[in-house]
Amino acid sequence: MQFTKMQGCGNDYIYINCLKEEVKNPSELAVKLSDRHFGIGGDGIVLIEPSDRADFFMSMYNADGSRAEMCGNAIRCVGKYVYERHMTDKTKLSIDTLAGIKFLELKLAGNTDDDRQVSYVTVNMGNPILEPEMIPVLSKKDVVIQEEIMIDHITYQITCVSMGNPHAVVFVDDVKSLNLEEIGPKFEHHDLFPRRINTEFIQVVDKNHIIMRVWERGSGETLACGTGACASVVAGLLEKRLEEHVTVELIGGSLEIFYDQTTNIVYMTGPAVEVFTGVIDESIC
Ligand SMILES: N[C@@H](CCC[C@H](N)C(=O)O)C(=O)O
C-alpha cells in the first residue's frame, strides 16, 4: 500500500489515497503506523476518500486509533495532495469531513499553469460552536467562558469551543514553563469532557499575535493544531484579549487565523508540505 508523509507546521500525518487503496481497519493501522520507533511515525493517519457531495472526503485517526471529526493541518495537506497528483484541477475545492464540508483555496508556488506546486492553503473552517452540549462539555451555562477547572491542585480557566472537534483554551503567562506531559492527559480525560478534549495553552504577545502549545486528544503534545489555533482565536475574542486577525505561533510554524465576526466564519491560512512517499508491506495493513 502506498503512503505519503505530509506535515503542516510540523503536525505530521500519514496520508493514504483510498480511491486506490483499501484500508480494512483504520484505527489499528493508525496505531501501528504512527509509532515513531516501530512504524513510520506521525500524529495519526489521514484517508482521502470519495464523496458524493464534495470533491473528496477526509477521514482522520489520531495516533491512539481514535477517529476525529476534523483536522485543520491535515485538510490543507489533503488539498495539496489531490491537486499535485492531478486528482482535481480545481484550486478552489470542497472537502467533506465528519464536521461537515470545508472549502479550500490553494495558493500555487509557481507562476506558470504547469507548475502545480501548492505552498499555502486557506480553509473556510466554518462557524465555531459554543453550546456546551454540542462541544461537548458538561456545563449548565450557555457558553463556557473562563470557567474554573482544577488540575493537580492548580486552578485554570477554560473557554470551550468546537471547530467540529472539541477544544478547551487556557490563557497562561508563559507557555514554555508548562509541563504538558503531566497536565495534558489530566485535561484530556477530565470528567467535564465526555468525548475527551484537545487543550490549547496560549500566551498573548499582543492582540494580533499569540504563542500556542497544544495537548491533542489521542496524540499528545503535537507541534501544531489547526482547529486548535482557530478555537484559540475565537476564545481570545470571547475573552476580549484578541482582535480578528491573529498570527498563531506554534512549535512547528505559524498559522494566520481570521475570525470574521460579521459572518461568524473562521479562516485559517498555513503551509502544507510533503515529506516523503513509501510503500507499506501488506502484512502490516
Ligand atoms: N491536529 C489537528 C487535530 C487532530 C484531531 C484532534 N486530535 C482531535 O481528536 O480532535 C488539527 O490540526 O486540527
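Which residues is Glu239 in contact with, leaving aside its neighbours within four places in sequence? In this predicted model, the answer is Ile145, Gln146, Thr159 and Phe171.

- You will find Glu239 in the loop between α4 and β15 (245-250).
- Glu239 counts as partly exposed because 16 other C-beta atoms lie within 10 Å, and a residue needs 20 or more to be buried and 12 or fewer to be exposed.
- Glu239 and Glu182 are 57 residues apart along the chain, and their C-alpha atoms are separated by 26 Å.

**Two domains**

- The protein chain is divided into domain 1, which covers 2-126 + 271-279, and domain 2, which covers 132-263.
- Taken over C-alpha atoms, the centres of domain 1 and domain 2 are separated by 23 Å.
- Domain 1 brings 21 residues to the contact, and domain 2 brings 20 residues.
- On the side of domain 1 that touches domain 2, there are 8 nonpolar, 10 polar and 3 charged residues.

**The shell around the ligand**

- The ligand is surrounded by 17 residues, and the closest are Ala68, Asn73, Asn165, Gly226 and Thr227.
- Sorted by class, the shell around the ligand holds 12 polar, 3 nonpolar and 2 charged residues.
- The ligand shell lies between the domains because domain 1 and domain 2 both give residues to it.
- Two helices, α2 (72-84) and α4 (226-238), each supply at least two residues of this shell.
- The largest share comes from α4, with 3 residues.
- According to the unreviewed UniProt entry, the annotation "binding site" covers Asn11, Asn62, Gly72, Asn73, Asn165, Asn198, Glu216, Arg217, Gly226 and Thr227.

**Asn62 and Glu216, two annotated positions**

- Asn62 and Glu216 are among the residues that the UniProt "binding site" annotation covers.
- Asn62 is found in strand β4 (residues 56-62), while Glu216 lies in strand β13 (residues 209-216).
- Asn62 is buried because 25 other C-beta atoms lie within 10 Å.
- Glu216 is also buried, because 29 other C-beta atoms lie within 10 Å of it.
- Not counting residues up to four places away in sequence, Asn62 touches Ala30, Gly44, Ala68, Glu216, Arg217, Gly218 and Ser219.
- Leaving aside its neighbours within four places in sequence, Glu216 is in contact with Asn62, Asn198, Thr222 and Cys225.

**Helix α2**

- Helix α2 is largely enclosed by the rest of the structure, because 12 of its 13 residues are buried.
- At 1.5 Å a residue, the 13 residues of α2 should span 18 Å, and its end C-alpha atoms are 19 Å apart, which agrees.
- Just after α2, His86 takes a positive phi of about 60°.

- Phe56 is found in strand β4.
- Phe56 counts as buried because it has 24 C-beta neighbours inside 10 Å.
- Not counting residues up to four places away in sequence, Phe56 touches Ile48, Glu49, Pro50, Ser51, Val78, Val82 and Ile95.

**Asp115, an exposed loop residue**

- Asp115 lies in the loop between β7 (100-108) and β8 (118-124).
- Asp115 counts as exposed because it has 9 C-beta neighbours inside 10 Å.
- Leaving aside its neighbours within four places in sequence, Asp115 is in contact with Leu108, Ala109 and Gly110.
- Asp115 and Asp43 are 72 residues apart along the chain, and their C-alpha atoms are separated by 30 Å.

Key:
Residues numbered from 1 in each chain as written. Predicted model: local features only at pLDDT ≥ 70, side-chain atom pairs only at ≥ 80, totals over all residues. Near = placed C-beta within 6 Å. Helix = DSSP H or I, 4+ residues; strand = E, 2+ residues; numbered from the N terminus. Nonpolar A, V, L, I, M, F, W, Y, C, P; charged D, E, K, R; others polar. Domains from an automatic or database assignment. UniProt positions renumbered as here; feature names shortened; annotations may be inferred. Contact = placed C-beta atoms within 7 Å. Expected span 1.5 Å × (residues − 1).
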